[in-house]
Amino acid sequence: MREKFGLKKLENEILLDRFRTMSDPTLVSKTNGLSGKLYIASEMDKMDKIGYDCVAACVNDMAALGAEPLFFYANISCVRPRADKIRIIEDGIAQGCGQAEIQFAGCEIVELPDKYAFDQYELAGFIVGILDKKKKIGSSRLSSGDVILGLPSDGLHNNGYVLARKQLFLTKGTMEVYYDMLGGTLGDQLLRPTKMYRTCMEHLSESGIEVKSCVQVAHGGLDRALHQLLHEEYGAVVKRRSDSIPPLYQMLHKDGNIDIQQMRQTFNMGIGMLLIIAEDAADKAAEYLEEAGESPIFLGLVETERDLIRYLE
């Protein structure tokens, strides 16, 4: 089908010579899909960043492990592929791979006429990376008083689009309305590309400061990500004032009539990545993250004597 559409040939060979210095080199992989956001993009006829989004989500999962991403594969499913739409999606993928400095190794295009509506697309990405197993993030023991840092997101990233569409009664017309509080149209805010955290995480790693645990806020909302961050074993006290949450989430909360508990379970609440740093190294870690262009937020503290996450306004 690539030949049929005149799409460029993709390379899938990776030299591993430079990884021989690792004491225990280990391949890791992650998969991310786009459905809700892709539906919004299709409705708005703005699909140029969707491929980038998929790459970014996968790269962020690698960064959360402390792995170096190597190459990215994609799968595009639809009723009947259109060459112009496929090229737009692939151009976005190529842009994301270029920014992440990884190889776009392949893209499978699948026709599924019995599953999707006309002109509806589904995109899934698969990424492979490599790490030194001894340096994998997430294997350290957590302690009470460890600091939870959050890195701001650029909008919803890839979470909560089904609920947002339902509660805000989204249509092409309503998404084209400009809102002063958002500084743009609702559609543009919903389609803001997923931020990549590879550069800042590598900068922090080079500092020698240990990241005890790290999770991308994806595959669910902030609440689920916090439980994953805490190894499904410990608790935390999280303090963040409601008025510090970005305007888009305020709109979802008030206009969408979504209570705060469900918001936390569904949306990232303006946080794209979570990290746990030992208390005595947290300030220094924040400085390194700021040097890399991030604005880390001190969200809370680990509590090992309980498994409850307590939210304080």
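Is Phe-71 buried or exposed? Phe-71 is buried, because its relative accessible area is 18%, and buried here means under 20%, while exposed means over 50% and partly exposed is in between (1.4 Å probe, protein chains only). Before going on, a word about what you're looking at: this is a predicted model, where local features need pLDDT of at least 70 and side-chain atom pairs count only at pLDDT 80 or more, while totals for chains, interfaces and linings use all residues. Residues are numbered from 1 along each chain as its sequence is written, and side-chain values use heavy atoms, with hydrogens and water left out.

Back to Phe-71. The partner is Tyr-73, with the ring centres 5.7 Å apart and 85° between the planes, which makes the pair edge-to-face. (Rings of Phe, Tyr and Trp, the last by its six-membered ring, pair if their centres lie within 6.5 Å; planes under 30 degrees apart are stacked, over 60 edge-to-face, and the rest tilted.) Tyr-73 is partly exposed, at 29% relative accessible area. The other pair joins Phe-72 and Phe-104: their centres are 6.5 Å apart and the planes meet at 55°, so this one is tilted. Phe-72 sits in strand E2 (residues 68-78) and Phe-104 in strand E3 (residues 103-111), so the pair ties together parts that are 32 residues apart in sequence. Both Phe-72 and Phe-104 are buried.

Now for the sheet those strands belong to. Helices (H or I, at least four residues) and strands (E, at least two) are DSSP runs, numbered from the N terminus. Four strands make an open sheet in the order E1-E4-E2-E3, with mixed pairing; two strands pair if DSSP finds at least two bridges between them. Strand E1 (25-34) and E3 stand at the edges with a single partner strand each, so one side of each has no neighbour in the sheet. On average, neighbouring strands are turned by 15° against each other, direction ignored. E2 and E3 run parallel and are joined by 8 bridges, and Ser-77 stands opposite Val-110 in E3.

Helix H4 (residues 83-100) packs on this sheet, touching E2, E3 and strand E4 (121-132), and its direction makes about 155° with that of E3. Contact means heavy atoms within 4.5 Å, and axes are lines fitted to C-alpha atoms, for helices over the stretch in contact, with angles from 0 to 180 degrees between N-to-C directions. In the loop between E3 and E4 you'll find Gln-120, which touches Ser-77, Cys-78 and Val-79, not counting residues up to four places away in sequence.

What about helix H10 (residues 247-254)? Its buried residues are Leu-248, Tyr-249, Gln-250, Met-251 and Leu-252. They pack against helix H5 (161-167), strand E6 (178-179), helix H7 (186-190) and helix H11 (260-266).

Two arginines are worth a look too. The charged end of Arg-165 sits over the ring of Tyr-39, 4.0 Å from its centre, and that of Arg-264 sits over the ring of Tyr-311, at 3.9 Å. That label needs NZ of Lys or CZ of Arg within 6 Å of the ring centre and within 35 degrees of the ring normal.

Last, the cysteines. The structure holds 0 disulfides, a disulfide being a pair of cysteine sulfur atoms within 2.5 Å.
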